[in-house]
Amino acid sequence: MVGLEEAERVELTVAAVAPGGHCVARVNGQVVFVRHALPGERVLAEVTEVHRGFVRADAVAVLEAAPERVTPPCPYARPGRCGGCDLQHVAPEAQLRWKAAAVREQLIRLGGLDETACDALDVRVEALPGGQLGWRSRVRYAVDAAGRAGLLKHRSHEVVPIDRCLIAHPAIQELPVLTSTGANWPDAEAVETVASTGGDVAVLAVAAGRTDLVQGPQRVRERAAGRQWRLPVSSFWQVHPAAADTLVDAVLELTGPRVGETVWDLYGGAGLFAAALADRVGPGGRVTLVEAAGDGIAAARDNLGDLPQVEVVASRVEKALARRRITGPVDVVVLDPPRSGAGARVVRDVVAAAPRAVAYVACDPAAFARDLRVFGDLGWRLAALRGYDLFPMTRHVELVGLLLPGGEC
């Protein structure tokens with residue numbers, strides 16, 4: 001059988017949603033991952049990459065459209081153009097179902113759950129307030145050789161100059177950053193923009209390993225969990241304005257921290273969860289926050305100084321656990337690892353500490369599913385799972401899972 005070749009065009013019928021913003025199709029037995037398509041559609045697809053065992057393709061023409069298809073609001077959300085938004089061609093409610101289906105697939109394929117267990121979890125993805133456009137409060141623009149700021153093509157380092165990013169916060173859209181505003185960045189590799197929930201707006205230029213403030217304050221204000229936060233402008237914060245409160249509410253509701261309990265906030269960043277947990281456990285409780293990034297540590301110590309029950313430990317999580325810089329007993333653990341996940345070593349050490357509950361906050365369903373399998377092998381179960389659409393128009397989804405000892409996942 002002769003396989004498909006790059007740039008070849010082929011008619012195909014699209015099947016189920018796959019992780020990564022694709023749908024699956026088959027041509028003469030060959031697996032094709034198709035972007036810009038919907039399940040059930042008949043499309044003309046152009047092959048963009050050929051790999052051993054599968055190919056990637058873009059739907060360049062729709063021959064039979066699915067009812068969930070809409071016209072993308074952004075002119076750059078097309079094959080061969082900006083790769084930032086995966087799902088602008090999908091109706092809003094269908095985007096939520098798309099993401100739930102992708103999560104379910106990962107839970108079964110990587111997490112070791114069966115269909116019955118997934119049915120019991122009733123995996124859904126909830127929309128956040130504010131709609132699908134104008135939500136992104138932090139945008140990093142790439143800069144091309146001509147000094148023009150733009151966004152990258154899908155799976156490429158090629159910069160697509162744009163005149164506006166519609167998912168960017170309105171305050172970011174108005175910044176003099178893009179070529180359409182007359183801006184040029186001959187010495188920059190990237191331009192970072194921030195519009196905080198506290199009303200601060202900033203622009204930073206990135207070049208040769210340095211990040212220089214071009215416009216705005218060195219520290220920005222954020223509002224979440226009933227508090228005002230002050231953070232270095234370049235430090236991590238959730239990019240959706242409603243994300244921080246949404247995640248805090250989910251963690252508190254799922255774990256139900258009690259007065260006097262001990263909690264670990266692992267990968268704690270500036271202390272978002274630690275602050276909310278400290279309020280629940282009270283002065284007689286204890287919250288230990290573990291963070292490795294210097295700006296996160298400084299922000300946590302600065303913002304949580306009024307909470308004596310919170311201890312900030314500057315360390316990588318795996319080292320803090322292995323070297324017993326934090327020790328049990330512990331009642332509740334919050335895991336909010338980077339996209340790569342916590343990993344088997346951290347999961348084993350958390351289980352060994354014997355908490356009554358673990359809340360796992362995940363920005364990557366595949367990494368979450370891999371860690372979930374480790375929990376399951378150690379006798380823990382996924383008791384509840386919530387999905388949130390923190391990144392509308394994209395393939396990304398945030399999960400908050402409740403893991404409890406006893407039983408199998």
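How many of the 10 residues of helix 5 are buried? Select residues 272-281 in this predicted model, and you will have helix 5, which is mostly covered, with 8 of its 10 residues buried. To see them individually, highlight Leu-272, Phe-273, Ala-274, Ala-275, Ala-276, Leu-277, Ala-278 and Val-281, which are the buried residues of this helix. Then extend the selection to Gly-282, which follows helix 5 and has a positive phi, near 75 degrees.

Next, select residues 344-352 for helix 8 together with residues 365-377 for helix 9, a pair that packs at an angle of about 40 degrees with the axes 10 Å apart. Helix 8 is therefore oblique to helix 9, and the crossing in which helix 8 passes helix 9 is right-handed. Showing side chains here brings up the contact, to which helix 8 contributes Ala-344, Val-347, Arg-348 and Val-351, while helix 9 contributes Asp-371, Val-374 and Phe-375. By class, the residues of this contact comprise 5 nonpolar and 2 charged, with no polar ones.

Finally, turn to the sheet, an open one in which 6 strands are arranged in the order 1-5-6-4-3-2 with mixed pairing.

Technical notes. Residues are numbered from 1 along each chain as its sequence is written. This is a predicted model: local features need pLDDT of at least 70, side-chain atom pairs count only at pLDDT 80 or more; totals for chains, interfaces and linings use all residues. Side-chain values use heavy atoms; hydrogens and water are left out. Buried means under 20% relative accessible area, exposed over 50%, partly exposed in between (1.4 Å probe, protein chains only). Helices (H or I, at least four residues) and strands (E, at least two) are DSSP runs, numbered from the N terminus. Axes are lines fitted to C-alpha atoms, for helices over the stretch in contact, and angles run from 0 to 180 degrees between N-to-C directions. Angles under 35 degrees count as roughly parallel, over 145 as roughly antiparallel, 65 to 115 as roughly perpendicular and the rest as oblique. A crossing is left-handed if the near helix is turned anticlockwise from the far one by less than a right angle, and right-handed if clockwise. Contact means heavy atoms within 4.5 Å. Ala, Val, Leu, Ile, Met, Phe, Trp, Tyr, Cys and Pro count as nonpolar, Asp, Glu, Lys and Arg as charged, and the others, Gly among them, as polar. Two strands pair if DSSP finds at least two bridges between them.
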